[in-house]
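Load the model in a viewer with secondary structure and ligands displayed. The stops below go from a sheet and its helices to a ligand site.

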Amino acid sequence: MYRNFPSPQQEAQILCAIRRAGEIMTSALEVQDAVSAKPGTRNYVTAYDVKVQKYLFSTLAEIAPEAAFLGEEEDVHVLPEDKPCFVIDPIDGTLNFIRDLHCSCVSVGIVWGGKAVWGAVYNPYTKELFRARKGGGAYLNDQPIHVSELSLEDALLSVGSSPYIRETNWEKTFAIASSLFLRCSDFRRSGSAAYDLCTLACGRTDLFFELILGPWDYCAGAIIIEEAGGSIHQLDGAPLRYDTGCPVFASNAASHDAALRLLQEKL
Ligand code: IPD
Ligand code: CA
């Protein structure tokens, strides 16, 4: 029943809603006055994260009443097993959004049968819309994209700092980052994991890791990377989970084995 979900017509409507969600972000006013704290270290949410999520939940429910929802800004996160589920980060890169850094995305994935089967990530500042469907390739604004062919020595690494639980993760994060940095071209820290995964998918970067992320951070990016010819899994090689968060390692094919070997020495 769900094999062709979303249908081409639903997909066009979903992408339209994601672009509209991006407009809510870029037209936001007085963001600094709309910030509140969430559990964790310097973890923030704004009224706009909540507004974008509400907009997506209600609009996507009209487009696809057969699907369930899991969104970052809900109190309880449950992934149903008997139907496709939208996994949504209304604003990935919330601190960038608060600080007006223009590097935040709307991320909408679909999980079905325990795997990401569809995803779209929209950066409304650059108007880049990344999308992929299982078996259908990956695209940036309708142009096919592919991961790079650079090996570790020339690879550009994106590092995620697990900022909200930094106390238990910082030593390992910096140990892995140092080890890879000494062998690769350089490293970057964008502040949006969803965008990091998409820059890897289109060959602008080549490696990514973060010791813990939520499923909403990587769901859409994961299918985009896979369809662009890259790999994404946990740091120990296990498949990603979508019912809860997990560590994430992503790479192109050319640097995968050498980078993973170095990374695993530091686990
Ligand atoms: C965060 C960003 C950040 C990553 C954090 C995520 P949020 O998402 O993706 O790059 O380091 O681990 O939680 O909180 O801005 O939606
Ligand atoms: Ca978020």
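Before the first selection, a convention on angles: axes are lines fitted to C-alpha atoms, for helices over the stretch in contact, and angles run from 0 to 180 degrees between N-to-C directions. The model is predicted.

Start with helix H7, residues 253–265. Helix H7 lies across strands E12, E13 and E14, and runs at about 140 degrees to E14.

Next, select the sheet under discussion. In what order do its strands lie? The order is E11-E10-E12-E14-E13, five strands in an open sheet with mixed pairing. At the edges are E11 (186–188) and E13 (231–233), each of which pairs on one side only. From one strand to the next, the twist averages 15 degrees.

Now keep E12 (residues 207–213) and E14 (residues 246–251) on screen. They pair in the antiparallel sense over 5 bridges. To see one residue pair, pick Phe209: its bridge partner in E14 is Phe249.

Finally, select ligand 1 and its surroundings. There are 16 residues around ligand 1, of which Asp92, Gly93, Thr94, Tyr164 and Glu210 come nearest.

- Asp92: 2.8 Å from a side-chain N or O atom.
- Ala193: 2.9 Å from a backbone N or O atom.
- Ile91: 3.3 Å from a backbone N or O atom.

On its own, ligand 1 has 370 Å² of accessible area, and the protein covers 95% of that.

Technical notes: Residues numbered from 1 in each chain as written. Chains lettered and ligands numbered in written order. Predicted model: local features only at pLDDT ≥ 70, side-chain atom pairs only at ≥ 80, totals over all residues. Heavy atoms only, no water. Pairing = 2+ DSSP bridges. Helix = DSSP H or I, 4+ residues; strand = E, 2+ residues; numbered from the N terminus. Contact = heavy atoms within 4.5 Å. Near = heavy atom within 4 Å. Polar contact = N/O pair within 3.5 Å; in protein donor to acceptor, adjacent residues only side chain to side chain. Areas by Shrake-Rupley, 256 points an atom, 1.4 Å probe, with all protein chains shown as cover.
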